[in-house]
Amino acid sequence: MYRYGISTQRRAWSPCMTVLIFLGVMAILGVTIGLLIHFLAVGKIYYYQVDFHISGVPYNYSCKNAASQGSANLSKDIETKMSDEFQNSSLYREYINSQVIKLLPHSNGSSIQLLLTFKFLPGKRETMKAEIKALLLQMLKDNMVSWNAVPASLKLMEIKTNAEMLTNNCCGRQLVNTVASGNRIVNGKNAHLGAWPWQASMQWKGQQHCGASLISSRWLLSAAHCFVERNNSRDWTVNFGTLVNEPFMTVKVQNIISHENFSMVGVRDDIALVQLAEEISFSKYIRSICLPEATLKLSENDSVVVTGWGTLYMNGPLPNILQEAFVNIIDNKVCNAPYALSNLVTDKMLCAGYMSGKADACQKDSGGPLAYPDSRKIWYLVGIVSWGDGCAKKNKPGVYTRVTSYRDWITSKTGL
């Protein structure tokens with residue numbers, strides 16, 4: 001019996017087919033080796049939650065709000081000693097950062113919660129956790145007197161998902177660190193993505209008109225003069241993100257509350273609250289800035305930063321990318337000199353910039369933030385862009401609403 005269609009001869013592969021097969025095998029090997037290198041030889045970011053107790057003072061601090069002086073001092077001391085300990089250990093290459101997230105009352109004292117960040121090879125995962133815990137335990141033993149630390153209370157847990165949520169809800173935390181520079185909004189410098197996540201664009205009928213600062217999931221602070229002739233909340237929306245016309249989020253406005261004593265004459269009490277139509281969820285690109293305590297005092301030459309999408313120079317074009325300018329606090333007495341602003345700056349205002357005129361906000365930056373970093377690099381809203389004589393003119397620095405003068409007013413309207 002014959003079986004048709006089956007050849008008894010073997011066909012030889014052509015040279016071209018052999019080359020193609022060889023190249024295919026090499027490509028597969030290349031991809032496989034690349035993936036192995038990526039997963040086994042390239043470091044990954046790992047997050048750990050640290051909890052321990054201290055005896056004595058019952059602190060009550062959450063990073064959603066500004067810390068009291070006592071909480072701020074303890075948090076800074078913990079973060080500084082953590083950083084020193086890891087940077088002076090065998091783990092200095094892997095260590096990235098430590099942040100205090102909460103100080104909460106606990107029996108006979110407080111419970112401390114921190115977030116630690118490391119970068120290392122996946123193969124070192126188990127040994128790293130053991131080494132980290134050993135260092136933390138020794139640190140607590142070394143600080144049983146200064147912190148009243150309880151070493152036996154130490155807990156260390158790797159956070160495998162949503163680690164960013166621990167810091168997204170913290171006020172005044174940047175996604176990226178910034179470096180002070182002499183550049184300005186006038187002919188200025190583009191801000192890095194995530195550098196100023198509280199900055200908002202107040203859009204009137206879809207066009208950039210003023211700036212604002214996110215101070216909670218529902219409230220922003222801006223300047224009252226932005227809404228003098230445009231006070232219908234239905235005409236306003238708020239954009240969040242570095243690119244003003246390509247925002248991460250756009251939210252409608254429910255209500256605008258300008259200060260009851262605002263006056264265009266002398267630009268007095270130039271502050272307004274903007275209530276969003278819905279509560280927003282914070283992310284690594286959208287976060288709130290901390291409100292300062294009324295007792296916060298700024299000194300002459302303190303470094304602050306103003307941001308916005310205002311004109312690049314007087315009557316100039318508007319940028320699409322958020323601009324930033326690092327400026328200095330100027331004493332009101334200097335600003336009020338006859339050759340400067342001639343006693344127009346009140347105690348509820350503050351000056352920032354340079355008397356030489358090299359850095360300043362400009363038109364349509366109004367309402368935007370003047371932000372100040374504390375010693376822990378947590379940012380506070382200390383000023384609101386209000387008015388000026390031109391942009392970056394010699395002896396004519398920018399004038400800002402002093403936020404510390406309005407803390408009671410803000411609280412009375414928002415509860416914050």
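This is a predicted model: local features need pLDDT of at least 70, side-chain atom pairs count only at pLDDT 80 or more; totals for chains, interfaces and linings use all residues.
Residues are numbered from 1 along each chain as its sequence is written. Local features need pLDDT of at least 70 and side-chain atom pairs count only at pLDDT 80 or more, while totals for chains, interfaces and linings use all residues, and side-chain values use heavy atoms, with hydrogens and water left out.

The protein chain has a mean pLDDT of 88, with 87% of its residues at 70 or more; pLDDT is the predictor's confidence in each residue, from 0 to 100. Residues 1–12 have pLDDT below 50, and beyond near neighbours in sequence this stretch makes zero contacts in the model, a contact being heavy atoms within 4.5 Å. Residues 31–40 also fall below 50, with five contacts beyond near neighbours in sequence.

Six helices and 18 strands make up the secondary structure of the protein chain. These are DSSP runs numbered from the N terminus, with H or I over at least four residues for helices and E over at least two for strands. Of the 416 residues, 49% count as buried, that is, under 20% relative accessible area with a 1.4 Å probe on protein chains only, where over 50% is exposed and in between is partly exposed. Among contacts with a separation of 6 or more, 71% are between residues 24 or more positions apart.

Rolling a probe the size of a water molecule over the atoms shows where empty space is left. On a 1 Å grid over the protein atoms alone, a cavity is a set of points where a 1.4 Å probe fits but cannot get out; a pocket is an open set with protein on both sides within 12 Å along at least five of seven lines, and lining residues have an atom within 4 Å of a point. Grid points are joined across faces, edges and corners, and a volume is the space filled by probe spheres set on the points.

The whole structure holds two cavities of 30 Å³ or more. The largest has a volume of about 70 Å³, and its lining includes His192, Trp196, Phe248, Tyr285 and Leu322. That lining has six nonpolar, five polar and no charged residues, where Ala, Val, Leu, Ile, Met, Phe, Trp, Tyr, Cys and Pro count as nonpolar, Asp, Glu, Lys and Arg as charged, and the others, Gly among them, as polar. The second largest cavity, of about 50 Å³, is lined by 13 residues, with Tyr61, Ala67, Arg376, Ile378 and Tyr380 nearest its centre. Nine of its lining residues are nonpolar, one is polar and three are charged.

Tyr380 also lies among the residues nearest the centre of the second largest pocket, together with Gln69, Ala72, Leu296 and Asp374. This pocket has a volume of about 360 Å³, and α2 gives the most to its lining, with four residues.

Ser405 lies in the loop between β18 (398–402) and α6 (407–414). Its relative accessible area is 32%, so Ser405 is partly exposed. Beyond neighbours within four places in sequence, Ser405 contacts Asp347 and Lys348.
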